[in-house]
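Visitor: I'd like to learn how to read a protein structure. Can we go through it together?

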Amino acid sequence: MNVGVQLPEIERRVRWIEIKAMARLIEESGLDSIWVGDHLLYQTPEGWRGPWDTFTTMAALAEATDTVAIGPLVAATPFHNPAVLARQAAALDEISGGRFILGLGSGWNRTEFDAFGFVFEDRASRFEEAFTVIRTLLREGAIDFHGTYYHFPNCVIDPLGPTAGGPPLLIGSTGRRMLAATLPHVQQWNAWYASYDNDPAKVPALLSQIDEACRTVRRDPDTVAKTLAMLWHFELNPVRRDAAHRLSDRRAKEQALTALDEAGVATVQLVLDPITLDTIAQTADIVGGWRAQG
């Protein structure tokens with residue numbers, strides 16, 4: 001099972017020099033991937049807070065690293081012109097040397113939709129059209145599309161990146177409609193830790209639902225790699241309090257990795273609380289020890 005780390009969002013304000021140091025430590029420590037949330041703005045008890053721009057950050061990360069996979073967890077299609085997003089993905093595929101994974105979703109935080117002037121309604125319908133445009137452009141390099149929300153007459157992206165058929169596509173959703181639209185086409189699926197209460201014991205039931213959704217659209221479940229975010233706490237006073245099940249001590253974290261691996265999870269994206277160079281080092285030590293056992 002591959003193990004990655006999600007970089008900071010709004011837990012605290014982090015400058016690029018620290019983000020780059022985190023990325024290099026993740027890579028040097030033998031972890032497999034780096035993930036970046038795609039958000040614009042949150043209203044927190046401390047006031048307004050937003051992360052750095054996702055696609056700009058991923059391009060810099062692609063240049064700052066050599067081996068780890070890089071991707072958004074996940075890119076909210078309403079925030080992007082889908083044809084331009086496909087073009088950005090092709091560039092990231094190129095800059096990273098084929099290490100880029102394009103995670104996609106429909107967004108959920110109305111605060112940032114309203115603040116930046118994006119339409120919150122009809123997100124699933126808009127996503128379906130955007131997804132068609134993005135996957136077609138990355139696979140074929142061209143599309144003539146006329147939908148309800150988007151029109152791209154004779155759109156071409158050139159050049160394409162080095163990955164034949166475009167970078168792997170990951171869908172971040174458990175919604176029935178979103179799964180029906182995407183599972184025939186994506187290579188990977190993802191759910192946030194709240195989808196299973198951060199409880200490894202609940203993962204098999206969730207994965208069974210995804211397998212059934214695959215079969216509904218006549219997709220072999222074994223051809224879709226299952227990925228899950230998981231929250232690890234390292235201090236008694238957490239910033240993130242949205243997990244019903246806490247994974248705090250080393251043994252619990254090792255057991256959680258084993259449970260996900262045995263359930264068939266291909267990649268776990270660890271969300272660390274707090275997210276610092278020290279907790280990344282602790283994470284790498286735990287993962288290294290777990291891998292040595294098995």
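Predicted model: local features only at pLDDT ≥ 70, side-chain atom pairs only at ≥ 80, totals over all residues.

Visitor: Which kind of peptide bond runs from Asp 158 to Pro 159?

Guide: Here's the general idea: most peptide bonds are trans. The bond from Asp 158 to Pro 159 is cis, with omega near 5°. Another cis bond joins Leu 73 and Val 74, where omega is about -10°. Val 74 is in a loop too, the one between strand S5 (69-72) and strand S6 (75-76).

Visitor: And what about phi of Asn 154?

Guide: Most residues other than glycine have a negative phi. Asn 154, in strand S9, has a positive one, near 55°. Arg 218 isn't a glycine either, yet its phi is about 60°. You'll find Arg 218 in the loop between helix H7 (203-216) and strand S12 (225-233).

Visitor: Is Asn 154 buried or exposed?

Guide: The cut-off for exposed is over 50% relative accessible area. Asn 154 has 62% relative accessibility, so it counts as exposed. Arg 218, at 82%, therefore counts as exposed as well. Across the chain, buried residues make up 53% of the 294.

Visitor: Let's zoom out. How many helices and strands does the protein chain have?

Guide: There are 9 helices and 13 strands. The radius of gyration is 19 Å, close to the 19 Å the globule rule gives for 294 residues, so the chain is as compact as a globular protein of that length.

Technical notes:
Residues numbered from 1 in each chain as written. Heavy atoms only, no water. Helix = DSSP H or I, 4+ residues; strand = E, 2+ residues; numbered from the N terminus. Rg over C-alpha atoms; globule rule 2.2 N^0.38 Å. Buried < 20%, exposed > 50% of the residue type's maximum accessible area, 1.4 Å probe, protein only.
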